[in-house]
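Subject: Structure for your review

Dear colleague,

Please find below the structure that I am handing over to you. My findings follow it, arranged by region.

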Amino acid sequence: MPTLRVCSLYPELMNIYADRGNIAVLRARCEWRGLGFEHAAASLGAPLDPDAHDLFYMGGGQDRDQIAVAHDMAATKREALHAAAGRGAVVLAVCGGYQLLGHSYELGGDELPGVGLVDLRTVREPGPRLIGNCAIEADLGTGSRVIAGFENHGGRTHLGPEERPLGRVLAGHGNNGSDGFEGVHRDNVIGTYLHGPLLPKNIWLADHLIELALGVELEPLADQQFEDGAHASARRAAGVQARLN
Amino acid sequence: MYRLARPLARLVRAASRRLGRTGGTTAPGRLLLRLSPGALDRMAHDLDEGSLLVSATNGKTTTSAMLAACLERAGRPVVHNRAGSNMARGVATALLDADRGAGQLGLFEVDEAWLPGVAEQINPRLLLLSNLFRDQLDRYGELELLADRWAELVERLDGSARFVLNADDPLIADLGRGRDGVTYFGVEDDSQALPGMQHAADSKHCRNCGHAYTYEAIYLGHMGRYRCPNCGRERPAPQVAATRVALDGMTGSELDLRTPQGKLSVRLPLPGLYNAYNAVAAAATALELGVPLATVGEALEGFSGAFGRVETIPIGGRRVSILLVKNPAGANEVLRTLTLEAGRLDLWLALNDRIADGRDVSWIWDADFEVLAGRVRRATCSGTRAEEMALRLKYAGIDAELVVERDLERSLDQAVATATGERLYALPTYTALLELRDLLARRGLAKRWSE
């Protein structure tokens with residue numbers, strides 16, 4: 001059986017909204033199916049082997065940590081991430097990690113470098129932080145589905161003209177609170193403001209990412225009562241009851 | 001306006017108490033502050049002995065209640081927001097009891113984010129700051145920003161107030177560096193050290209130089225005996241320390257304290273290392289305020305707990321132990337305490353996402369529910385986000401019967417009826433605790449809580 005090899009980027013710094021929930025879900029769902037699971041970490045200064053992992057994960061951090069991470073990532077991991085994405089590895093970047101996927105991120109008057117994996121910029125605009133439950137409608141090639149979660153960001157993200165968002169905002173703010181879109185999606189690279197434990201709330205997405213990363217089709221698992229319930233709960237919190245899938 | 005507003009607020013409070021409304025701890029203060037925005041300052045002036053403010057992410061209510069017990073036993077009249085209503089309006093409501101000439105001391109626990117604003121008006125003579133952990137990021141923002149605001153506050157109060165600070169929490173210890181008038185407290189018993197850093201630990205980096213701390217011992221979250229290998233900054237030596245902590249499950253713990261006034265051994269009737277920390281903090285502050293050492297010991301031994309923090313209430317023939325959980329660090333301590341209990345446990349967990357809980361329930365994935373794997377018989381999950389709690393337990397490897405029932409009352413009755421042991425452990429978030437309290441009061445099982 002194949003093994004899902006996951007690499008968390010800066011997990012000890014970029015974990016502010018309980019990002020480890022995503023890793024716990026990927027691990028359990030692989031193990032329950034008899035798939036192997038390996039979890040590695042690459043932090044400040046560490047080199048990154050683009051071929052050693054099938055899925056790269058990056059969460060959000062405090063501003064101070066994010067500054068250190070932005071510079072380190074541009075200096076030590078940019079090329080490897082481009083190579084990994086280029087060969088079809090999955091990149092899931094959430095919250096602060098999402099902001100650093102683009103060209104630049106404006107923080108406290110400074111412009112932090114991004115890795116330029118996708119064409120987007122994150123800037124500061126007048127107005128409050130964008131905080132709250134959020135639900136979006138996304139099509140990752142398997143039909144329209146809902147992703148529900150929680151967003152909390154000061155930056156406003158604007159996609160370049162050729163870039164596709166992850167989804168359309170059904171409830172909440174999304175990328176910038178104005179254009180009605182959320183996240184970014186190019187090939188197997190996904191960025192989103194739905195932060196922290198996003199996969200526990202959207203198990204379908206967890207399974208889909210495993211399929212993409214391994215190039216396999218998975219059988220559904222039996223007894224998904226709590227997984228379905230958690231998804232319904234997150235949607236209910238965002239005010240988007242089940243009407244799509 | 002103040003002259004009219006204050007008696008009016010008192011009337012509102014008397015009326016709401018008569019009606020048995022739980023809002024009696026905030027509504028009068030809210031009214032008063034609306035009519036007379038400077039009322040906090042004016043009322044605080046009526047406190048002959050001045051005021052002290054207590055803040056922390058975890059343990060505010062319990063620590064303040066312990067401190068109140070010490071002061072009251074020493075015969076010192078205290079004005080205290082004892083139900084834990086800790087924003088400006090709650091402090092204002094408590095201050096309605098301020099009475100010039102009565103020799104009162106104000107003792108107010110204050111919400112972390114409200115602390116600078118409340119301190120601005122009340123001008124405390126002493127500030128007790130215990131810990132900062134990640135909590136409700138949607139409401140408080142990042143921990144580092146909160147720590148910055150506290151640092152500004154301490155700077156502003158330097159010279160006019162004294163400080164009692166936790167040496168073991170690097171964020172708190174930093175507040176007192178280079179200042180006079182600081183008393184540090186801490187724990188010095190390596191039998192309580194954790195094998196490694198918990199996942200939810202914050203502030204693992206030196207605020208002076210940014211380098212990662214090394215820990216000789218980690219007691220709780222990021223609290224412990226730390227040192228920066230780069231710039232040499234290290235945990236300050238505490239004047240008041242628990243040199244021995246022996247935990248005895250839900251029944252309590254034994255503490256040996258070293259203080260400038262001598263040694264003290266205490267049997268604390270509250271479980272967990274987190275309550276030992278609360279007791280050391282309260283003892284350090286009480287001693288600072290001139291309470292005799294023996295009186296501190298008596299007050300702590302006779303302490304009966306604060307609102308919803310380790311209460312045990314008989315329901316349907318079972319003892320229901322209520323343990324508030326509201327953020328990863330606090331939840332981890334409750335979970336660690338539960339692992340000390342014998343046998344497989346019956347749990348009732350109520351996860352709410354109301355504003356006072358934090359709308360974001362992500363934090364449950366930061367708490368180490370994994371420590372209960374193999375230790376739970378049945379877990380009933382309730383509250384507005386019940387299903388997500390159940391999912392968390394499933395992925396923590398809790399091989400127990402998991403039941404979801406969002407309705408609080410029905411779920412509690414189910415949990416009580418299906419429990420097999422003598423005890424049911426109830427873990428509500430903050431607003432679920434308030435609902436639970438109201439429910440128990442309606443059934444005559446607990447008294448209504450008012451100031």
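A residue is called buried here if its relative accessible area is under 20%, and exposed if that area is over 50%. Please bear in mind throughout that this is a predicted model.

Strand 4 of chain B pairs with strand 1 of chain B in the parallel sense, over four bridges. It is also joined by four bridges to strand 5 (residues 162-166) of chain B, again running parallel. L126(B) takes part in both pairings: L126(B) is the bridge partner of L52(B), and R162(B) in strand 5 is the bridge partner of L126(B).

**Two helices of chain B**

Helix 6 (residues 115-122) of chain B has L115(B), P116(B), V118(B), A119(B) and I122(B) as its buried residues. Seen down the helix axis, these buried residues fall within an arc of 165°, so they line one face of helix 6 of chain B. An α-helix has 3.6 residues a turn, so residues three or four places apart point the same way. The buried residues of helix 6 pack against several elements of chain B, including strand 1 (51-55), strand 3 (105-109), strand 4 (126-129) and helix 8 (143-157). Helix 3 (39-44) and helix 5 (88-95) of chain B are also among the elements they pack against. After helix 6 of chain B comes N123(B), with a positive phi near 50°.

Helix 10 (residues 273-288) of chain B is mostly covered, with 15 of its 16 residues buried. At 1.5 Å a residue, its 16 residues should span 22 Å, and the C-alpha atoms at its ends are 23 Å apart, which agrees. G290(B), which follows helix 10 of chain B, has a positive phi near 90°.

**R100(B), an exposed loop residue**

R100(B) is found in the loop between helix 5 and strand 3 of chain B. R100(B) has a relative accessible area of 58% and counts as exposed, because that value is over 50%. Apart from neighbours within four places in sequence, R100(B) is in contact with H45(B), D46(B) and D48(B). The side chains of R100(B) and D46(B) are joined by a polar contact of 3.0 Å. R100(B) and H45(B) are 55 residues apart along the chain, with their C-alpha atoms separated by 8.0 Å.

In chain A, four strands form an open sheet in the order 9-8-11-12, with antiparallel pairing. Strand 9 (144-153) and strand 12 (181-182) of chain A stand at the edges with a single partner strand each, so one side of each has no neighbour in the sheet. Strand 8 (residues 130-139) and strand 11 (residues 167-171) of chain A run antiparallel and are joined by four bridges. In this pairing, A171(A) of strand 11 is the bridge partner of A135(A).

N176(A) lies in the loop between strand 11 and strand 12 of chain A. Its relative accessible area is 5%, and N176(A) is therefore buried. The side chain of N176(A) makes a polar contact of 3.5 Å with the side chain of H158(A) and reaches the backbone nitrogen of D179(A) at 2.9 Å. Not counting residues up to four places away in sequence, N176(A) touches L130(A), R156(A), T157(A) and H158(A).

G183(A) is placed in the loop between strand 12 and strand 13 (184-186) of chain A. G183(A) counts as buried, at 0% relative accessibility. Among the residues in contact with G183(A), leaving aside neighbours within four places in sequence, are Y98(A), L159(A), R164(A), N175(A) and T192(A).

**The contact between the chains**

The contact takes 33 residues from chain B and 36 residues from chain A. About 3,000 Å² is buried between chain B and chain A, and carbon and sulfur atoms give 53% of this area. On the chain B side, E142(B), W365(B) and Y395(B) lose the most area to chain A, together 22% of what that side buries.

Yours sincerely

Technical notes: Residues numbered from 1 in each chain as written. Chains lettered and ligands numbered in written order. Predicted model: local features only at pLDDT ≥ 70, side-chain atom pairs only at ≥ 80, totals over all residues. Heavy atoms only, no water. Pairing = 2+ DSSP bridges. Buried < 20%, exposed > 50% of the residue type's maximum accessible area, 1.4 Å probe, protein only. Polar contact = N/O pair within 3.5 Å; in protein donor to acceptor, adjacent residues only side chain to side chain. Contact = heavy atoms within 4.5 Å. Expected span 1.5 Å × (residues − 1). Arc of directions from axis to C-beta. Buried area = accessible area lost by both parts, 1.4 Å probe.
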